[in-house]
Amino acid sequence: MLLTNSEYLRPEIMDVIRAFDCEDEEFTHYFSHGGDKFFNCIEYGGKFYDFEEERKIEDETEFKRYAKRYAKLAFYKVLSEKYGNLPWGALTGIRPTKLAYAELAAGHDFEELFNNMGVGAENCALVKQVINAQKNVYAQDGGQDIFVSIPFCPTKCDYCSFITAPVSATGQYVDSYIDCLVREIRSVKPLVRKPNSVYIGGGTPFVLGAEQLKRVYSAIAETFSAIPEYTVEAGRPDVFSEEKLKISKDFGVTRICVNPQSFNDKTLQSIGRKHTSAQTVEAYKLTQKFGFDINLDLIAGLADESVSDFEKSLNTAIGLNPENIPVHTLSLKAGAKLKERVQRLKVDGIAEMIKLSRERLTEAGYQPYYLYRQKYQAGGLENVGWTKEGKACRYNVDVMEEICDNVAVGANAISKRVFGGENRIERCASPKDVLTYINKTDKIIEERNKLFKED
């Protein structure tokens, strides 16, 4: 339990307390500010800890930012003294790179801040690598990304929090959903001046039949004349077919995501998948025939896998030689089946798995090009996208760093308008539930138009 005199600091402090699995312990916190000094007093475990930081503040927004930062750091120092350091120190936000960019824009060396916040040298180096890999994307100003949501799956995976149900139970809504989706796609034509990329995600987009998929592609082709980067997160291999891949190629898709998550059959069965690792390899080779750039996603920490289990998947992915290999760390998400059984993720060897992925992928010629973190992530670690030289997915960089508008259509899609000069982002979210989405499509279109209307 946390008692504090500053309620607006509570969420930031609780992020640190949760990171150390200490929610059930008692803390008393007192915050004060005078002149250019910030004071945090903490009572914990029968001891008192006092912290003082000095910073000249220009405005209220800056005051709140530093008040939160220093409160988090105070709690991190107290808890790390007892429990040891965390990989990302007192940084609890999901975008470490965005904080680094802000420091660089202000003329500061981000490593100084990261070191002060307890971030280790290896993670500082990782952030540097990501920023270096993103230079070409940052050099391209303007434009919008388009996200198209297909919220249907063959089955729901154990770790997944998306509002999806097996297509066997929702199949009767698919055609109506596509009707609404096509209307939405056509409605955004006046909002998109220059498409940077289109990303069709899920769910599992390839769970659609070939003709259903063609309807979505046709609407996109009618709406946008030129798409520099066109990604389809096709999904798990048991929904792939040569026909769907050919249609994708014919409509200009440039990148296909094959999502094995693991190349261990026992793991696939445990997480609710109905395919084998051999089918993943078959789907990969079939996709490769059409000349697509390919993403192969892995998740570290699934279903009690050992380090050697994860190493097998990693080596298999590297051996297939795709353009991108994102490596995610298992995260405990609200709405996932896993969350119903487990309150805390304790994954033996998770740090070694991630360390191994960094070493092996670097040796194989991949470089990290995006990085983000999630709450309740095993080992307090991170998700990293690894790419071959010149093969980074622009959509992923734009979304992770929030550097341009995102026009999103479909259920559970979130459009974002970025007001760069004001350091402000406004959002417009669609309902997660498919039926609710179908019934509210007109309202969704109206709200998005308001978000992107010219001032």
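A nonpolar core is a set of buried Ala, Val, Leu, Ile, Met, Phe, Trp, Tyr and Cys residues joined through side-chain atoms within 4.5 Å, where buried means under 20% relative accessible area, calculated with a 1.4 Å probe on protein chains only. The model is predicted, so local features need pLDDT of at least 70 and side-chain atom pairs count only at pLDDT 80 or more, while totals for chains, interfaces and linings use all residues. Residues are numbered from 1 along each chain as its sequence is written, and side-chain values use heavy atoms, with hydrogens and water left out.

**The cores**

Begin by selecting Phe-114, Ile-200, Phe-206, Val-216 and Ile-256: of the 117 residues in the largest nonpolar core, these touch the most other members. Next, display helix H2 (residues 60-83), which supplies the largest share of this core, 11 residues. Helices (H or I, at least four residues) and strands (E, at least two) are DSSP runs, numbered from the N terminus. Another core, of 14 residues, lies apart from it; Tyr-199, Cys-257, Tyr-369 and Val-397 are among them. In soluble globular proteins, nonpolar side chains tend to be buried together.

Now centre on Ile-200. Contact means heavy atoms within 4.5 Å. Setting aside residues up to four places away in sequence, Ile-200 touches residues including Val-148, Ile-150, Pro-205, Val-216 and Tyr-230.

**The open sheet**

Move to the four strands that form an open sheet in the order S1-S2-S3-S4, with mixed pairing; two strands pair if DSSP finds at least two bridges between them. Strand S1 (2-4) and strand S4 (47-54) are the edge strands, each pairing on one side only. From one strand to the next, the twist averages 15°. S1 and strand S2 (residues 27-34) run parallel and are joined by three bridges. Select Leu-3 to find Thr-28 of S2 standing opposite.

Axes are lines fitted to C-alpha atoms, for helices over the stretch in contact, and angles run from 0 to 180 degrees between N-to-C directions.

Select helix H10 (residues 242-250), in which Lys-244, Leu-245, Ile-247 and Ser-248 are buried. Viewed down the axis of H10, its buried residues fall within an arc of 160°, so they line one face of the helix; the arc is that of the directions from the helix axis to the C-beta atoms. These buried residues pack against helix H9 (210-223), strand S8 (255-261) and helix H12 (277-288). Gly-252 follows H10 and has a positive phi, near 90°.

Val-253 is in the loop between H10 and S8, and is buried with a relative accessible area of 2%.

**His-328**

Finally, select His-328 in strand S10 (residues 324-329). His-328 is buried, with a relative accessible area of 19%. Leaving aside neighbours within four places in sequence, the contacts of His-328 include Leu-298, Tyr-370, Tyr-372 and Glu-382.

Conventions: Buried means under 20% relative accessible area, exposed over 50%, partly exposed in between (1.4 Å probe, protein chains only).
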